[in-house]
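Please find below a short note for a reader who is new to protein structures. The points begin with the overall chain and then turn to single residues.

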Amino acid sequence: MQNENGEIVDLYIPRKCSWTNKILTSQDHGSVQINVANVDPVTGLATGESTQFALSGYLRFRSEGDMALTELVKKSDAATIEE
């Protein structure tokens with residue numbers, strides 16, 4: 001919900017799993033949100049910015065969280081380093 005200034009005023013904004021696109025409810029205590037540092041492709045150093053990824057507890061329970069996070073980072077430009 002937004003006020004007349006266009007600011008979001010909701011008390012709870014649900015997140016979505018970055019891999020499955022399912023809504024992460026407040027009862028999903030196994031879900032995590034991970035910030036991955038963006039890397040400058042030329043120098044290989046962190047730029048100070050980060051990209052957020054949210055993973056559901058179901059995904060982590062099935063031991064697929066590592067694979068999902070690896071693929072998400074590869075798809076985004078968060079860790080692009082030229083060799």
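1. From the N terminus on, the elements of the protein chain follow the order β-β-β-β-α-α. Here helices (H or I, at least four residues) and strands (E, at least two) are DSSP runs, numbered from the N terminus. The radius of gyration is 16 Å, well over the 12 Å that the globule rule gives for 83 residues, so the protein chain is more spread out than a compact globule. This radius is taken over C-alpha atoms, and the globule rule is 2.2 Å times the number of residues to the power 0.38. Along its principal axes, the C-alpha trace spans about 45 × 40 × 15 Å.

2. The model is predicted: local features need pLDDT of at least 70, side-chain atom pairs count only at pLDDT 80 or more, and totals for chains, interfaces and linings use all residues. Residues are numbered from 1 along each chain as its sequence is written, and side-chain values use heavy atoms, with hydrogens and water left out.

3. Buried residues make up 23% of the 83 residues in the protein chain. Buried means under 20% relative accessible area, exposed over 50%, and partly exposed in between (1.4 Å probe, protein chains only).

4. Where is Ser56 found? Ser56 belongs to the loop between strand S4 (46–55) and helix H1 (57–61). With a relative accessible area of 7%, Ser56 is buried. Leaving aside neighbours within four places in sequence, Ser56 is in contact (heavy atoms within 4.5 Å) with Cys17, Leu24, Asp28, Gly30 and Ser31.

5. Two residues deserve attention for their backbone angles. Most residues other than glycine have a negative phi. Asn21, although not a glycine, has a positive phi of about 60°. Asn21 is in the loop between strand S1 (15–16) and strand S2 (23–24), and is exposed at a relative accessible area of 52%. Ser63 likewise has a positive phi, near 60°. Ser63 is placed in the loop between H1 and helix H2 (65–75) and is exposed, with a relative accessible area of 65%.

6. Pro41 lies in the loop between strand S3 (32–39) and S4. At 31% relative accessibility, Pro41 counts as partly exposed. Pro41 and Asp77 are 36 residues apart in sequence, and their C-alpha atoms are 9.3 Å apart in space.
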